[in-house]
Amino acid sequence: MTAKRTFLFALSGASLISALAAITVLVGPANAHKDPVTPQQLQAFDEVFMNEVRKGDLLFHGDAATAKQMNVTLSTTGMACAMCHPNAAHTHPHTFPKYQAQMSQFSTLRDMINWCIEKPNQGEKIDVNSEAMKALEAYIYWSNTGSVMTPGKF
Ligand code: HEC
C-alpha cells in the first residue's frame, strides 16, 4: 500500500466511525421498548392476560360451551382437569421444561397438558400453539403465581 492509499484508507475508516457515531447520537442505541409504558397500557396488557386466564379457567373446569366455542375435546371421560388438579395443584408449571418419565422425553408444559388430555382424559390432543393451549397455560401459570422457578426439577 502506498502512503497516499494508506492515508485514504485511514480517512475512510475515520469517516465510517464518525458516521456510525452520528447515527448513534441521532437515532440512539437499539431499544426494544422505546417509549415508557403508560399505566393505561399496563392495565390493557393485564386485561388481555386475565381474559386468557378466565378462558383457561373455564376449560380447566370442563365448561362445555367454552370447549365447543374453541373447538376442542379436552376430555371424554367426564373428568375435567380441575377434578384431579384442584386450583391447578400438581401442575408444576415452574418445573418445566424437564425430563418427563410418563413420556420418556424432555418435555414442555404444553407437552404435558397434551399428555393429560390424551391419557387420563381420553380427549383429543390440541395444537401446541392453539388458543385453547395458550388459555390453559395462562390459567396454570396464574394459579401458580409466586412459585419459584426450578426448571428441570422432576
Ligand atoms: C384423572 C386425573 C387427571 C386429570 C383429569 C388430569 N390430569 Fe393432569 N396429571 C394427572 C397425573 C396422574 C399426572 C402425573 C403426576 C406426576 O407426574 O406427578 C398429571 C400431571 C399433569 C401435569 C404435569 C405435572 C408435572 O409436574 O409433571 C400437568 C401440567 C397436567 N397434569 C395438566 C393437566 C390438564 C391441563 C388437564 C386437563 C386437560 C389434566 N391435567 C387432567 C392426572 C390427571
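This is a predicted model: local features need pLDDT of at least 70, side-chain atom pairs count only at pLDDT 80 or more; totals for chains, interfaces and linings use all residues.
In helix 5, Leu109, Arg110 and Ile113 meet Met133, Leu136 and Glu137 of helix 6. By class, the residues of this contact are four nonpolar, no polar and two charged.

**Exercise 1.** Work out how helix 5 and helix 6 are oriented to each other.

*Solution.* Start with the geometry: the axes of helix 5 and helix 6 are 11 Å apart, and the packing angle is about 105°. Next, compare that angle with the range from 65 to 115 degrees, which counts as roughly perpendicular. Helix 5 is therefore roughly perpendicular to helix 6.

The buried residues in helix 5 are Leu109, Met112, Ile113, Asn114 and Ile117. Their cover includes strand 1 (98–100), strand 2 (105–107) and helix 6.

**Exercise 2.** Check whether the span of helix 6 agrees with its number of residues, then find what its buried residues pack against.

*Solution.* First, the span. Helix 6 covers residues 131–143, which is 13 residues, so at 1.5 Å a residue it should span 18 Å; the C-alpha atoms at its ends are 18 Å apart, in agreement.

Second, the buried residues. In helix 6 these are Ala132, Met133, Ala135, Leu136, Glu137, Ala138, Tyr139 and Ile140. Third, their partners: they pack against helix 2 (39–60) and helix 5 (109–118).

**Exercise 3.** Describe the contact of helix 2 with helix 6, from axes to residue classes.

*Solution.* Take the axes to begin with: those of helix 2 and helix 6 come within 7 Å and cross at roughly 95°. The two helices are therefore roughly perpendicular to each other.

Then list who takes part. Helix 2 contributes Phe49, Glu52, Val53, Lys55, Gly56, Asp57, Leu59 and Phe60, while helix 6 brings Ala132, Lys134, Ala135, Leu136, Ala138, Tyr139 and Trp142. Sorted by class, this contact has ten nonpolar, one polar and four charged residues.

**Exercise 4.** Compare the reach of helix 2 with the expected value, and say what covers its buried residues.

*Solution.* Helix 2 has 22 residues; from first C-alpha to last it reaches 31 Å, close to the 32 Å expected at 1.5 Å a residue. Its buried residues are Lys55, Gly56, Asp57, Leu59 and Phe60. Among the elements covering them are helix 3 (64–69), helix 4 and helix 6. One more backbone detail to look up in the structure: just after helix 2, glycine 62 has a positive phi of about 75°.

**Exercise 5.** Find which residues come nearest to the ligand, and which helix supplies the largest share of the shell.

*Solution.* Moving on to helices, helix 4 (81–84) and helix 5 each supply at least two residues of the shell. The largest share, five residues, comes from helix 5. Finally, sort the shell by class: twelve residues are nonpolar, six are polar and none is charged.

Note on methods. Residues are numbered from 1 along each chain as its sequence is written. Helices (H or I, at least four residues) and strands (E, at least two) are DSSP runs, numbered from the N terminus. The expected span of a helix is 1.5 Å times one less than its number of residues. A residue is buried if 20 or more other C-beta atoms lie within 10 Å of its own, exposed if 12 or fewer, and partly exposed in between; C-beta atoms are placed from the backbone. Two residues are in contact if their C-beta atoms, placed from the backbone, lie within 7 Å. Ala, Val, Leu, Ile, Met, Phe, Trp, Tyr, Cys and Pro count as nonpolar, Asp, Glu, Lys and Arg as charged, and the others, Gly among them, as polar. Axes are lines fitted to C-alpha atoms, for helices over the stretch in contact, and angles run from 0 to 180 degrees between N-to-C directions. Angles under 35 degrees count as roughly parallel, over 145 as roughly antiparallel, 65 to 115 as roughly perpendicular and the rest as oblique.
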